[in-house]
Amino acid sequence: MEMSQDDDNMEEYPTEIHDYLTAFEKSLGSVDEMLKTMMSVSRSELLQKLDPLEQAKLDLVSVYTLNSMFWVYLATQGINPKEHPVKQELERIRTYMNKVKEIADKKKASKLDKGAASRFVKNALWEPKAENEHTSKTPAKGKKRQRD
């Protein structure tokens, strides 16, 4: 009976972490595909197609991804990334990402059309009409009139 290479690899690490390693391998494949896609277009060509806010987002995501990959590299080398300057760099990048998000949210926020809002409120408010006040009164639905 021949053992496949997968069977050999299964014996090299605890079986409890097999699912984690499989998920990690799948994630690495996804990162590889994204990097290939991103590298297929020149940076200057890509930036020409984006507005300044989108350019900032792209730059921040790129630098955050590189630093995150370095974080993982440090961890695989037995270095605690929490005690490395990369941690402060990731926090700094997150601060800028939050600033860009605030700017994008403000840009998305709808602007108030004061004239339309004024007309809406005016039409929504009930104004009694003096000449028809007595003739337009009808009993409320669902209530019966009491007869004497």
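Which residue forms a salt bridge with D59, and how far apart are the closest N and O atoms? R43 does, with the closest N and O atoms 2.7 Å apart. This is a predicted model, in which local features need pLDDT of at least 70, side-chain atom pairs count only at pLDDT 80 or more, and totals for chains, interfaces and linings use all residues. Residues are numbered from 1 along each chain as its sequence is written, and side-chain values use heavy atoms, with hydrogens and water left out.

**View 1. The salt bridge between D59 and R43.** A salt bridge here is a side-chain nitrogen of Lys or Arg within 4 Å of a carboxyl oxygen of Asp or Glu. The structure holds seven of them. D59 lies in helix α4 and R43 in helix α3, so the pair ties together parts that are 16 residues apart in sequence. Helices are DSSP runs (H or I, at least four residues), and elements are numbered from the N terminus. D59 counts as partly exposed, at 31% relative accessibility. R43 is also partly exposed, with a relative accessible area of 47%. The cut-offs are under 20% relative accessible area for buried, over 50% for exposed, and in between for partly exposed (1.4 Å probe, protein chains only).

**View 2. The salt bridge between E45 and K49.** The N to O distance is 4.0 Å. E45 is partly exposed, at 37% relative accessible area. K49 is exposed, at 62%.

**View 3. The salt bridge between K101 and D105.** Here the N to O distance is 3.1 Å. Both residues lie in helix α5, four residues apart, about one turn of the helix. D105 is partly exposed, with a relative accessible area of 37%.

**View 4. The largest nonpolar core.** Five residues make up this core: L53, L60, I93, V100 and A104. Two elements, α4 (52–76) and α5 (85–108), each give two or more residues to the core. α5 gives the most, with three residues. A nonpolar core is a set of buried Ala, Val, Leu, Ile, Met, Phe, Trp, Tyr and Cys residues joined through side-chain atoms within 4.5 Å. Not counting residues up to four places away in sequence, L53 touches V100, I103, A104 and K107. Contact means heavy atoms within 4.5 Å.

**View 5. The largest pocket.** Its volume is about 420 Å³. The lining has 15 residues, of which L35, M38, M39, L58 and S62 lie nearest the centre. α2 (18–39), α3 (43–48) and α4 give two or more residues each. α4 gives the most, with six residues. By class, the lining has 10 nonpolar, three polar and two charged residues. Ala, Val, Leu, Ile, Met, Phe, Trp, Tyr, Cys and Pro count as nonpolar, Asp, Glu, Lys and Arg as charged, and the others, Gly among them, as polar. On a 1 Å grid over the protein atoms alone, a pocket is an open set of points where a 1.4 Å probe fits, with protein on both sides within 12 Å along at least five of seven lines; lining residues have an atom within 4 Å of a point. Points are joined across faces, edges and corners, and a volume is the space filled by probe spheres set on them.

**View 6. The second largest pocket.** About 250 Å³ of space lies in this pocket. The lining consists of F24, S27, L28, V31, Y64, T65, S68, M69 and V72. α2 and α4 are the elements that give two or more residues. The largest share, five residues, comes from α4. Six lining residues are nonpolar, three are polar and none is charged.
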